[in-house]
2 protein chains.
Amino acid sequence: MSGKKRQVDQSEREAQSLRLWLRLLGTSRSIEEEVSVRLRTRFESSLARFDLMSVLNRFPDGVTMSDLGRHLRVSGGNVTGLVDRLEREELVQRVAHATDRRSSMVVMTEHGQNAFKQMATEHRQWLTDIMAGLDMAQIDKLYDGLDHVRTSIAAEQERTSRKEAS
Amino acid sequence: MSGKKRQVDQSEREAQSLRLWLRLLGTSRSIEEEVSVRLRTRFESSLARFDLMSVLNRFPDGVTMSDLGRHLRVSGGNVTGLVDRLEREELVQRVAHATDRRSSMVVMTEHGQNAFKQMATEHRQWLTDIMAGLDMAQIDKLYDGLDHVRTSIAAEQERTSRKEAS
DNA sequence: TCCATTTACTTTACATATAAAATAAATGGA
DNA sequence: TCCATTTATTTTATATGTAAAGTAAATGGA
């Protein structure tokens, strides 16, 4: 009878995994949507632009286009378009690279820095408001739980890439 | 001195809320990317298409364009484009509404149903593999934690909409 | 030095997303 | 019945995303 039991467990595990994923995706999209709407209505901006400016804020000396793509985990073509539009609004600027003529360093303009500071302050408050129903212990537990998922994804990707290589 | 203590707590709460959001977003995007890549390479499909077909699978008698938009939480224009492309590949079909000439019912074709069944089976297994590092108790706890966030978002949206109305 | 290869970035074609305007049909009073 | 309003969908303009091809510069041996 233990064969049957294992089958039921496996099916239950699959159902639970799927349910967790759908809840995770739904929660994440709800917050993304809420934050997107606020960035648009308050600042005529977007998550993509805010994320890009966050990276530039962390590296005041500038970041190359390709490093931007790596930090944001998006393609080079995407970075080109985002920087083009932010540059048109004079929030960021491409600066010639000192030694590599293929490369450009992207930096925030002073206008960009001021705009980002305002956005970051409000953004922080929005997230605090959104999480207001959880106490600090719950937040910590959830954070740790998500960290387990992160580790588990990495392990699965490791398994998959090893299988593909063979 | 309790004023100072409260300030520190508040700042700590903001930092934790932001950290949780960044982890939630990162985890969700990692899985989305993993699933997207697999849907593309295995089935030449995408999350958007899979989600749309999931709704049609739940409602075998068909769903109107506007109901599709509501279920998927996307705009009408987006639904039009997705259904156009799926219809071109004969995975779904627009059928005239029985009584409302403005409306069309979208249904899956038999080809679409077969394709969806295959995708759903593998999709379920992918998520199980991705969550393989967590035991069932951890999955349940995480699910409950995310449910708290869901409730908290709803409460915040309630607060915001009440404020805007006044 | 020369050149094959790699690296950095842009361009192109396309999918997916929104908001806003357009179109057409249904609906609910006066 | 008539018409103002609402509802259902599409169209348009634009942003954001990818993959793949193209361009130009750097790099690392022979």
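This is a predicted model: local features need pLDDT of at least 70, side-chain atom pairs count only at pLDDT 80 or more; totals for chains, interfaces and linings use all residues.
B:Glu44 counts as exposed because it has 9 C-beta neighbours inside 10 Å. Residues are numbered from 1 along each chain as its sequence is written, while chains are lettered from A and ligands numbered from 1 in the order in which they are written.

**Residues to look up**

B:Glu44 sits in the loop between α1 (2–43) and α2 (47–58) of chain B. Its phi is positive, about 45°, although B:Glu44 is not a glycine.

B:Glu90 is exposed, with 12 other C-beta atoms within 10 Å.

What does B:Arg124 touch, leaving aside residues up to four places away in sequence? B:Arg124 touches A:Glu14 and A:Leu18, where contact means that the C-beta atoms of two residues, placed from the backbone, lie within 7 Å. B:Arg124 belongs to helix α5 (residues 110–130) of chain B and counts as partly exposed, with 16 C-beta neighbours inside 10 Å.

| Residue | C-beta neighbours inside 10 Å | Class |
|---|---|---|
| B:Glu44 | 9 C-beta neighbours | exposed |
| B:Arg124 | 16 C-beta neighbours | partly exposed |

**Chain A as a whole**

Chain A has 6 helices and 3 strands. Followed along the sequence, they come in the pattern α-α-β-α-α-β-β-α-α. Along the principal axes, the C-alpha atoms of chain A fill a box of roughly 70 × 50 × 25 Å. The radius of gyration of chain A is 21 Å, whereas a compact globule of 166 residues would have one near 15 Å. That radius is taken over C-alpha atoms, and the globule rule is 2.2 Å times the number of residues to the power 0.38. Of the 166 residues in chain A, 22% are buried. Among contacts in chain A with a separation of 6 or more, 41% are between residues 24 or more positions apart.

**The sheets**

In chain A, 3 strands make an open sheet in the order β1-β3-β2, with antiparallel pairing. At its edges stand β1 (63–64) and β2 (92–96) of chain A, each with a single partner strand, so one side of each has no neighbour in the sheet. Two strands count as paired if DSSP finds at least two bridges between them. β1(A) is joined by 2 bridges to strand β3 (residues 104–108) of chain A, and A:Val63 has A:Val106 as its bridge partner in β3(A). Helix α4 (residues 76–88) of chain A lies across β2 and β3 of chain A, at about 110° to β2(A). For such angles, axes are lines fitted to C-alpha atoms, for helices over the stretch in contact, and the angles run from 0 to 180 degrees between N-to-C directions.

Chain B also has an open sheet of 3 strands, in the order β1-β3-β2 with antiparallel pairing. Strand β1 (residues 63–64) of chain B is joined to strand β3 (residues 104–108) of chain B by 2 bridges, and B:Thr64 has B:Met105 as its bridge partner in β3(B). Strand β2 (residues 92–96) of chain B pairs with β3(B) over 5 bridges; B:Val106 is the bridge partner of B:Arg94 in β3(B). Across β1, β2 and β3 of chain B lies α2(B), running at about 95° to β3(B).

**How the chains meet**

A rotation of 180° with 0.0 Å of shift along its axis superposes chain A on chain B, with an RMSD of 0.1 Å. That is the relation of a two-fold axis. The superposition is by least squares on the C-alpha atoms of residues with pLDDT of at least 70 in both copies.

In the interface, 42 residues of chain A are in contact with 42 residues of chain B. On the side of chain A that touches chain B, α1 (2–43), α5 (110–130) and α6 (136–165) of chain A each supply at least two residues. The largest share, 17 residues, comes from α6(A). Since 100% of the interface residues of chain A are also interface residues in chain B, the copies meet through the same surface.

Key:
Helices (H or I, at least four residues) and strands (E, at least two) are DSSP runs, numbered from the N terminus. A residue is buried if 20 or more other C-beta atoms lie within 10 Å of its own, exposed if 12 or fewer, and partly exposed in between; C-beta atoms are placed from the backbone.
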